[in-house]
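This briefing presents the fold, the strand pairing, the nonpolar core and the aromatic contacts of one protein. Please read it alongside the sequence and the structure shown here.

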Amino acid sequence: CQASASSFWIVADGKKGQDYQGIVPAGFTADGRFVYSANMRQQTFLVVGDQESEAYGSMITAIDTSAPGYKPLLTHTPLPPAASLAGNHIAFTALPLTSGPMQTVVVDGKSQQREGASRVTFSSDGTRFGFTFGRQFRTVNVDGKDLPGSVFAYQQAGLGNYRPREEFVFSADGKHVAYFDQQPDNASGIYVDGRLAQVFAGTNPQNL
């Protein structure tokens, strides 16, 4: 609901939420809690049901808005959601209130501090999560553990002109994770579950 240019709130199951200057919905968890990000007095919160997170400066987008068919949950709020949802799991990446290199990655209420952290990705079964971080060289973090190697972003097989870039991938059953790694002498490597599985020539890996 909107009362003015700076007065918004969510109504879920007939219950009015807190009034904010701006809101961006993410959706429902499996157990029926509605999740959204909210802005008030230059502070950003993630709201789950009626529970606010601590305040942050901002939150990064949780999805790829360039993907074909992307549409915002509410047409009058074209911003992408800040939280990734998988079953009852909730994750987001936030920037601090004060300027600094560290971002906060929060998964199910547990936080980690990492420089240049990306959005959180869940495995398709929702049991595992991962993100990357770093400036010049990037590292994969899976389930809260930093894995070895310097990650190569790669292009996936695309649809038409859409060629999404990714940094790691979970297997369909969620049991494994793989990513490309920068090797010496213009070579690349493939890491599977944190172990170097193969080294090959070239620095433009694709379609992992």
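Two rings of Phe, Tyr or Trp (its six-membered ring) form a pair if their centres lie within 6.5 Å; planes under 30 degrees apart count as stacked, those over 60 as edge-to-face and the rest as tilted. By this criterion, ring pairs join Tyr20, Phe28, Phe34, Tyr36 and Phe45 into a cluster. The model is predicted: local features need pLDDT of at least 70 and side-chain atom pairs count only at pLDDT 80 or more, while totals for chains, interfaces and linings use all residues. Residues are numbered from 1 along each chain as its sequence is written, and side-chain values use heavy atoms, with hydrogens and water left out.

**Overall architecture**

- The protein has 24 strands and 0 helices, where helices (H or I, at least four residues) and strands (E, at least two) are DSSP runs numbered from the N terminus.
- The radius of gyration, taken over C-alpha atoms, is 19 Å, close to the 17 Å from the globule rule for 208 residues, so the protein is as compact as a globular protein of that length; the rule is 2.2 Å times the number of residues to the power 0.38.
- Along the principal axes, the C-alpha atoms of the protein fill a box of roughly 60 × 35 × 30 Å.
- Of the 208 residues, 41% are buried; buried means under 20% relative accessible area, exposed over 50%, and partly exposed in between (1.4 Å probe, protein chains only).
- Among contacts with a separation of 6 or more, 36% are between residues 24 or more positions apart, a contact being heavy atoms within 4.5 Å.

**Strand pairing**

- Strand β5 runs antiparallel to β6 (residues 34-40) and is joined to it by 6 bridges; glycine 22 stands opposite asparagine 39 in β6.
- Strands β12 (residues 102-107) and β13 (residues 110-115) are likewise antiparallel and joined by 6 bridges, and methionine 102 has glutamate 115 in β13 as its bridge partner.
- β12 and β13 form a hairpin with 2 residues between them, and aspartate 108 in the turn has a positive phi of about 50°.

**Nonpolar core**

- A nonpolar core is a set of buried Ala, Val, Leu, Ile, Met, Phe, Trp, Tyr and Cys residues joined through side-chain atoms within 4.5 Å.
- The largest such core has 11 residues: Val35, Leu46, Val48, Tyr56, Met59, Ala82, Ala83, Ile90, Phe92, Ala94 and Val106.
- Two or more residues of this core come from each of β7 (43-48) and β11 (89-95), and β11 supplies the largest share, 3 residues.
- Valine 48 is found in strand β7 and is buried, with a relative accessible area of 17%.
- Beyond residues up to four places away in sequence, valine 48 touches Arg33, Phe34, Val35 and Ile90.
- The C-alpha atoms of valine 48 and valine 35 are separated by 4.6 Å, although these residues are 13 residues apart along the chain.
- With residues up to four places away in sequence left out, tyrosine 56 touches Gln42, Gln43, Thr44, Phe92, Ala94, Leu95, Leu97, Thr104 and Val106.

**A buried loop residue**

- Serine 118 is found in the loop between β13 and β14 (121-122) and, at 18% relative accessibility, counts as buried.
- Apart from its neighbours within four places in sequence, serine 118 is in contact with Ile60, Thr93, Phe131, Thr132 and Arg138.

**Aromatic pairs and charges over rings**

- The whole structure holds 10 aromatic pairs.
- The ring centres of phenylalanine 168 and phenylalanine 170 are 5.7 Å apart and the planes are at 90°, so this pair is edge-to-face; phenylalanine 168 and phenylalanine 170 are both buried.
- Phenylalanine 180 and phenylalanine 200 also form an edge-to-face pair, at 6.1 Å centre to centre with 75° between the planes.
- Phenylalanine 180 lies in β22 (residues 177-183) and phenylalanine 200 in β24 (residues 195-201), so the pair ties together parts that are 20 residues apart in sequence.
- Phenylalanine 180 is buried at 4% relative accessibility, whereas phenylalanine 200 is partly exposed at 24%.
- Lysine 16 lies over the face of tryptophan 9, at 4.6 Å from the ring centre, and arginine 114 over the face of phenylalanine 133, at 5.3 Å from the ring centre.
- A charge sits over a ring if NZ of Lys or CZ of Arg is within 6 Å of the ring centre and within 35 degrees of the ring normal.

Terms used:
Two strands pair if DSSP finds at least two bridges between them.
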